Amino acid sequence: MPPGAPPPPPGWPGAGGPTRRPDFAAPRALHPASIVLGIPLRQLIRGLILPALIGAGAGPGLRFVFVVIGLLLVMTLVGRVLAWQRFRFSFDGEVLRVDEGVLSRNHRALDVARIQQVEVDRSLAARVLGLATLRVETAGGSGEPEVELRVIPEADADALRTAVRVSKAALRGEAARTGDGEGDGGEPDTGPADAATAGADREVLRVHLTRIVLGSVTGSRLLVLPAVLAASLQFVGDATELGGGTLDPETLVRRLVALGVVAIVALLIPASFVVASAAGVLRDYGWTMRRIDDDLHVSRGLLSTRQSVVPLARVQLVEVQRNWIRRALGFAVIRVHSAGGGGGDSRVTIPLVRSDEVDHLVSELLPGVGGVPALWGHPQGARRRAVFRWIRASAIPTAALLLIPGLSEPLRLLGAVLPFVAAVLGLVEFSQLAHGRTDRVLASRSGALSVTTGLAPLVKVQGVTQRASWFQRRLGLATLTAHVAGPGGDLTVLDLGAMRAAELRRGLVIAAADPIVPKELADAPEAGMVVAPEP
């Protein structure tokens, strides 16, 4: 291995362990179980719905439907067998190669330096059989993994993921020795600071079961329940208005319907909390984040487990989110956006952390950043803009509640007070508007019911946009957007002063052209890069 590379894990050549390193240099096939487990069930079901409906309406009856479905299943199974026979993958320590395709052959080669995320997914069926799915993503991926090995033996999946990690660490060590610090796509390579820290394995965070449940029942999806309760006021009003007089059949039916809807809503609320808690436990049970070298390893799941690897060098954006109920309880949710392939796999969500833990986790996710920096509020003109945005958003619901005939008095009262509530929320949003910038990170905070603080490393900012509408220009305001690579990578600073926006834009442009790489992450200065001095 090149000088400066981290030591190999136990059991690899030179590590003194008894276990022999698996050899992936020779082409390998997937496990035979992939013939069945690799079938995309959702697509298969969608493909069967149309033939089933056509067959049912054709006249011959269920026998014809079963024949059509059987033929489709046989064709799918034959296609899967052929695809399994023609699928081969290999890894020689530098390039991951995949050959696939039956009629049309596809040869794919991924350089290990371009690999950003490696994820091991174990569904319930795969765990029973001792199998796993390995997904590999690159920074240039768009929505889907570049390579998906579904399925291979669990030990091979772990060994291949370790082999990729060790090879990437070896390349970083070689780059440090030769002074070549350029990473993927011309970005600065932010590898481990030195070989002494390579191979370090420590636990960063473990989310306990109580927090997982609390995070599930305080999520944004359950916050729509007050709207459900408000809608049920119509039926409650109908039920109470029928309290006296003769109970003719029509009145009795109306009362029973209204009371039935109220009973359903009353049962729906606790059921929603139970379902949300169960889904959260199944998804995030045992949520653990470990730091190995300069990679974050996240594992979670009860029946189906998932293990993701996110390189710290590819963290593009960190968001700290607090909805109104979590703020009241002193908790927050942290979302980490990386430059991996797209879709949900490029974002890691920490279910629930205490507010006093946020700065520590930010410093772990963004080395060299001591936490959320000091933030500055926005000028008074932004208050008018915030109030106007909320009142404008409430205009249609207000008109509907006031103008639709037949609504109950509670709903009409809600429509009358809705603009005032919107104005109050606008004032709350203005009080939360803030931004800040250090020599390493740009921060922006916004929101009313749910407040989000976004932090983007300056070294990741690739472009800056400043815009101002006619109303903003009259108030001396502007909106600034820092463009960061990766899905959801834009950080917007809303309604700050125009002069401050221009000053901040100039500073970000200079930082993007001549970024400062934190010394904790820089192996060696790269041409045109400035290494931050010791604090």
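In this predicted model, Glu503 is partly exposed, with a relative accessible area of 45%. Its side chain meets that of Arg500 in a salt bridge, at 3.8 Å from N to O. Arg500 is also partly exposed, at 27% relative accessibility. Both residues belong to helix H14 (residues 498-513), where, being three residues apart, they are separated by about one helical turn.

Salt bridges that share partners also join Glu119, Asp121, Arg135, Glu148 and Arg306 into one network. Two pairs within this group are bridge partners between strands: Glu119 is paired with Arg135 in strand S5, and Asp121 with Arg306 in strand S10. Strand S4 (residues 115-122) runs antiparallel to S5 (residues 131-138), to which six bridges join it. Three bridges link S4 to S10 (residues 305-311), again in an antiparallel arrangement. S4 is mostly covered, eight of its eight residues being buried.

A search of the whole structure gives 22 salt bridges. One of them connects Arg290 and Glu203, whose closest N and O atoms are 3.6 Å apart. Because Arg290 lies in strand S8 (residues 288-292) and Glu203 in strand S7, this pair ties together parts that are 87 residues apart in sequence. Arg290 is partly exposed at 28% relative accessibility, and Glu203 is partly exposed at 36%. Another salt bridge is formed by the side chains of Arg161 and Asp158, with an N to O distance of 3.7 Å. These two residues are three apart in helix H5 (residues 154-178), a separation of about one helical turn. Arg161 is buried, with a relative accessible area of 14%, whereas Asp158 is partly exposed, with 25%.

The largest nonpolar core contains 28 residues, of which Leu205, Trp287, Met289, Ile334, Ile350 and Leu366 touch the most other members. Elements that give two or more residues to this core include strands S7 (201-206), S12 (331-338) and S13 (347-354). Helix H10 provides the largest share, four residues. Beyond its neighbours within four places in sequence, Ile334 is in contact with residues including Val318, Val320, Val348, Ile350, Leu361 and Leu365. Another core, of 23 residues, lies apart from this one, and Phe24, Val136, Val147 and Ala163 are among its members.

On the surface, Leu124, Val128, Leu129, Leu209, Leu282, Tyr285, Leu302 and Leu303 form a nonpolar patch with about 720 Å² of accessible area together. Helix H4 (residues 124-129) gives the largest share of the patch, three residues. Leu282 is found in helix H8 (residues 249-284) and is partly exposed, with a relative accessible area of 41%.

Technical notes
Residues numbered from 1 in each chain as written. Predicted model: local features only at pLDDT ≥ 70, side-chain atom pairs only at ≥ 80, totals over all residues. Heavy atoms only, no water. Buried < 20%, exposed > 50% of the residue type's maximum accessible area, 1.4 Å probe, protein only. Pairing = 2+ DSSP bridges. Core = buried A, V, L, I, M, F, W, Y, C linked by side-chain atoms within 4.5 Å. Contact = heavy atoms within 4.5 Å. Patch = residues over 30% accessible without salt bridge, like charges linked within 9 Å, V, L, I, M, F, W, Y side chains within 5 Å. Areas by Shrake-Rupley, 256 points an atom, 1.4 Å probe, with all protein chains shown as cover. Salt bridge = Lys/Arg side-chain N within 4 Å of Asp/Glu carboxyl O.
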